[in-house]
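I opened this entry to log what I looked up, one item at a time.

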Amino acid sequence: MSLFEKFEKTAALYNQLSDAGMNPFTVVMETVLGPTRAVIRGKETVLAGTHNYLGQTFEPKAIAAAKEALDKEGTGTTGSRFANGTFSGHKRLEADLAAFLGMKHCVVFSTGFVANLGAIAGLIDPAEDVILIDADCHACIYDGCQLSGAETIRFRHNDPESLDKRLGRLDPKYKGKLVCIEGMYSMYGDTAPVKEFAEVAHRHGAYLLVDEAHSFGVYGAKGRGVSEADGVMDSIDFYTGTFSKALAAIGGFVASNHKELEYLRFSSRPYKFTASPSPATVASAGAALKVIKETPALKEKLWANTRRLHAALTQFGLRLAAPPAPVISVLIADRETAFAAWNFLLEHGVYVNMAIPPGTPGKDSLLRLAVSSAHTAEDLDRLVAAYGALAQAFPAARVAA
Amino acid sequence: MASVQGDDDLVFHKICSLFEPLNQKGVRLTRETDFIADLEVDSVSVLDVVMDIEDNYDISIPVNTISEIRTIGDLVDAIHSIKKRQA
Ligand SMILES: Cc1ncc(COP(=O)(O)O)c(C=O)c1O
């Protein structure tokens, strides 16, 4: 049975949690009631662990657009972007996204994960290029590097000087250099100093890729992300994003001012060999994008909710990972205590996300709260009450006195 | 540093001192010590210690190289070979 032996240790923990009815990784939304409510374990629960930042999962315009596409174009494309699955809707969405970002080119992929895989592996030649990545980059960026087969060097998280050093000591043999960072990081809710990274990367003749998966629609005056908030949209060589968070659908994209981005359409296997997003998906993402453009109030509401929750959790003395951001993580050193705390919140009618090492930046486990503009005053009250009780019941979640 | 095997290699000693804080079971560190099997540290912790090693020696050790490294001895050899190349 040597094929399965390697799973034994993890499986023991997984089964032990499941047997105790406490496994955060097997939660089922039994009935979805709205953008911030679902029935979990038979009980109506406030959702604060999904990434519905702008509450667009039930946006009427997006639902109407999806229904119309479903009626007119059917349930699926049954083909890949490259071969037989590109509809006019995909092209329209690419043009809309490019216009929104102020970039010339955009390529739509089937998910954000696949977009990063496809961009990195599609752009990089392992024989002559090198990739430098922030240590805390998402799994799909690591996997994109691995898929590319190129030498990959990590630099310290959010540390432009650490990148500078590593670019400085690169072997001159490399032709292309690609630096990968994110806008807002989803574990702690901390943001990258994109401007400094752009300066360092370009000084060394490297290209900069920024994954704004969690910050698209959320940061910047127009909602273009941390790159916009930092005033450096024009310095981003490759901008990647997802439809699965602020746009509340499923899919991903890469945008750029380099006309060569279009080469991905033949160089990128994750573009060529997987089915394209369905017509309804594309239509709802497009409609949600339009809502972001026309309704800045959504972003303002998200930030108002964020400030309220962050202030309340701070006041409870909870140990928070970062300054106010739409992801608010409470750090708990001990994993078992974190599992208990997570279950405590669920028993108090609040669902948040749970993350444990090595999937986290440090040694702590995390209770990740993702704020939504759709959280109502009552949702917020319930969240605050549950976290208040948590702070009382779990001293391990508080800042040491 | 009683647990460190007698060895006159400075790189070996440096690596042992960086991994000692993660050596929770207090195993004796030798060239054969396996990071995952013996020290029971996860792959990300290895990557983080390697970052300290990179800054200490002013070299870059690609992730690709690290993923092939199992033991302290492998890491020592990798550092020597990168130092030689980058010299
Ligand atoms: C930084 C980052 N990039 C990419 C993704 C993947 O996006 P998608 O859910 O569209 O595959 C995620 C989210 O899970 C993410 O956090």
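**Helix pair in chain A.** I looked up how H7(A) sits against helix H8 of chain A, residues 194-203. The model is predicted, so I keep that in mind throughout. The two axes come within 9 Å and cross at roughly 10°. Angles under 35 degrees count as roughly parallel, so H7(A) is roughly parallel to H8(A).

Which residues meet here? From H7(A) I listed A:Pro160, A:Leu163, A:Asp164 and A:Leu167. From H8(A) I listed A:Glu196, A:Phe197, A:Val200, A:Ala201 and A:Arg203. By class, this contact has six nonpolar and three charged residues, with no polar ones.

**Chain A against chain B.** Next I checked how the two chains touch. Chain A puts 15 residues into the contact, and chain B puts in 16 residues. The area buried between them is about 1,600 Å². Carbon and sulfur atoms give 43% of that area.

I then asked how many salt bridges cross between chain A and chain B. The rule finds eight. One of the arginines above takes part: A:Arg156 meets B:Asp52 in a salt bridge, N to O at 3.0 Å. Side chains of opposite charge can pair when their charged atoms come close. I also looked for polar contacts, and the rule finds 15 residue pairs across this interface, both residues at pLDDT 80 or more.

Which elements of chain A give two or more residues to the side that touches chain B? Those are strand S6 (151-155) and helix H7 (160-168). I note that H7 is also the helix that runs roughly parallel to H8(A). S6(A) gives the most to this side, with five residues. By class, this side of chain A divides into six nonpolar, two polar and seven charged residues.

**Salt bridges overall.** I picked out A:Glu128 with A:Lys175, where the closest N and O atoms are 3.3 Å apart. This pair links distant parts of the chain, 47 residues apart. A:Glu128 is in the loop between helix H5 (112-123) and strand S5 (129-134). A:Lys175 is in the loop between H7 and strand S7 (176-182).

Most residues other than glycine have a negative phi, and most peptide bonds are trans. I looked for exceptions. The peptide bond from A:Pro357 to A:Pro358 is cis, with omega near 5°. A:Pro358 is in the loop between strand S13 (353-355) and strand S14 (365-370) of chain A.

A:Ala248 has a positive phi, near 55°. I placed A:Ala248 in the loop between strand S9 (238-242) and strand S10 (252-256) of chain A. In chain B, B:Glu40 has a positive phi of about 55° although it is not a glycine. B:Glu40 lies in the loop between helix H1 (10-19) and helix H2 (43-57) of chain B.

Technical notes:
Residues numbered from 1 in each chain as written. Chains lettered and ligands numbered in written order. Predicted model: local features only at pLDDT ≥ 70, side-chain atom pairs only at ≥ 80, totals over all residues. Heavy atoms only, no water. Contact = heavy atoms within 4.5 Å. Buried area = accessible area lost by both parts, 1.4 Å probe. Salt bridge = Lys/Arg side-chain N within 4 Å of Asp/Glu carboxyl O. Polar contact = N/O pair within 3.5 Å; in protein donor to acceptor, adjacent residues only side chain to side chain. Helix = DSSP H or I, 4+ residues; strand = E, 2+ residues; numbered from the N terminus. Nonpolar A, V, L, I, M, F, W, Y, C, P; charged D, E, K, R; others polar. Axes fitted to C-alpha atoms, helices over the stretch in contact; angles between N-to-C directions. Parallel < 35°, antiparallel > 145°, perpendicular 65-115°, else oblique.
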